[in-house]
Amino acid sequence: MTWHGLAAAAGQVPPETTRQAVGYPALFLLVALGALVPVIPTGALVSTAAVVAFHQQSLPFGLLFVFAVAAVAAFTGDLALYWLGQRGVRSRNGSRWLEALRGRATPERLAQAQGRLDEHGVLVLVVSRLVPAGRIPVMLACLLARLPLRRFARGDAPACLAWAATYCLIGILGGSLFSEPWKGVAAAVALALLVSAAPALWRRLRPPPAP
């Protein structure tokens with residue numbers, strides 16, 4: 001085939017197919033990385049991808065792909081972080097990953113997570129994934145309790161499915177409210193960030209307990 005033929009063939013690829021071929025792997029990498037590095041707003045990313053999928057011709061398959069990719073990526077990132085934390089627990093000198101997890105969980109929240117883990121077992125992982133900033137204290141509690149990776153995975157799988165479904169629904173809401181995709185993206189991102197920041201904002205604004 002000549003260069004002109006190759007160029008013509010490339011020009012016939014639908015833009016939506018091209019976006020999907022690039023977008024799904026990028027979504028997977030960013031969500032998985034966001035499970036390891038907390039600076040990436042993974043919930044907002046999933047909601048944005050859901051808005052874009054909502055306005056594509058591949059509906060509802062595009063939304064199902066976003067949901068599946070987000071859930072698998074979150075699960076992969078969680079397992080990687082837990083495995084790294086386990087190495088620190090087993091090591092005499094610990095590890096930087098375990099210390100990073102300790103630094104992201106206050107003693108009070110860690111104690112609460114340990115109590116819930118003792119009471120409810122790995123089911124507490126489902127709630128922790130849906131509560132902003134709740135994932136790390138529960139994961140650290142599982143590490144300190146020396147929960148095997150396989151048992152952690154059994155609890156984390158439904159947690160990641162529920163998390164992905166929640167932020168996909170936020171994206172669907174944003175996409176259904178506005179006919180223009182960029183407006184839906186803006187609304188979904190704002191709502192996802194609000195959901196993520198609400199608990200921390202509430203803790204700052206609520207009055208201190210009475211002595």
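Predicted model: local features only at pLDDT ≥ 70, side-chain atom pairs only at ≥ 80, totals over all residues.
Let me begin with helix 8, whose buried residues are Arg135, Ile136, Pro137, Val138, Met139, Leu140, Ala141, Cys142 and Leu143, where buried means under 20% relative accessible area, exposed means over 50%, and partly exposed lies in between, with a 1.4 Å probe and protein chains only. Helices here are DSSP runs of H or I with at least four residues, strands are runs of E with at least two, and both are numbered from the N terminus. Helix 8 is mostly covered, since nine of its ten residues are buried.

Residues are numbered from 1 along each chain as its sequence is written, and side-chain values use heavy atoms, with hydrogens and water left out.

What comes after helix 8? It is followed by Arg146, whose phi is positive, near 55 degrees, although Arg146 is not a glycine. Arg146 sits in the loop between helix 8 and helix 9, and it counts as exposed because its relative accessibility is 56%.

Now to the interior. In soluble globular proteins, nonpolar side chains tend to be buried together. A nonpolar core, as I use the term, is a set of buried Ala, Val, Leu, Ile, Met, Phe, Trp, Tyr and Cys residues joined through side-chain atoms within 4.5 Å. The largest such core has 22 residues, and of these Tyr82, Leu125 and Cys142 touch the most other members. Two or more residues each are given to this core by helix 4, helix 5 (96–103), helix 6 (107–120), helix 7 (124–130), helix 8 (135–144) and helix 9 (149–177), and the largest share, seven residues, comes from helix 8.

A second, separate core of 20 residues includes Leu27, Leu63, Trp163 and Ala164.

Gln86 is also found in helix 4 (residues 61–90), and it counts as buried because its relative accessibility is 12%. Its side chain reaches the backbone oxygen of Leu147 at 3.4 Å, which is a polar contact, that is, a pair of N or O atoms within 3.5 Å, where within protein one must be able to donate a hydrogen and the other to accept it, and residues adjacent in sequence count only if both atoms are side-chain atoms.

Which backbone oxygen does the side chain of Ser47 reach? It is the one belonging to Tyr167, at 2.9 Å; Ser47 has its place in helix 3, and it is buried, with a relative accessible area of 0%.

Finally, Gly175 lies in helix 9 and counts as buried because its relative accessibility is 2%. The C-alpha atoms of Gly175 and Thr48 are separated by 9.1 Å, although the two residues are 127 residues apart along the chain.
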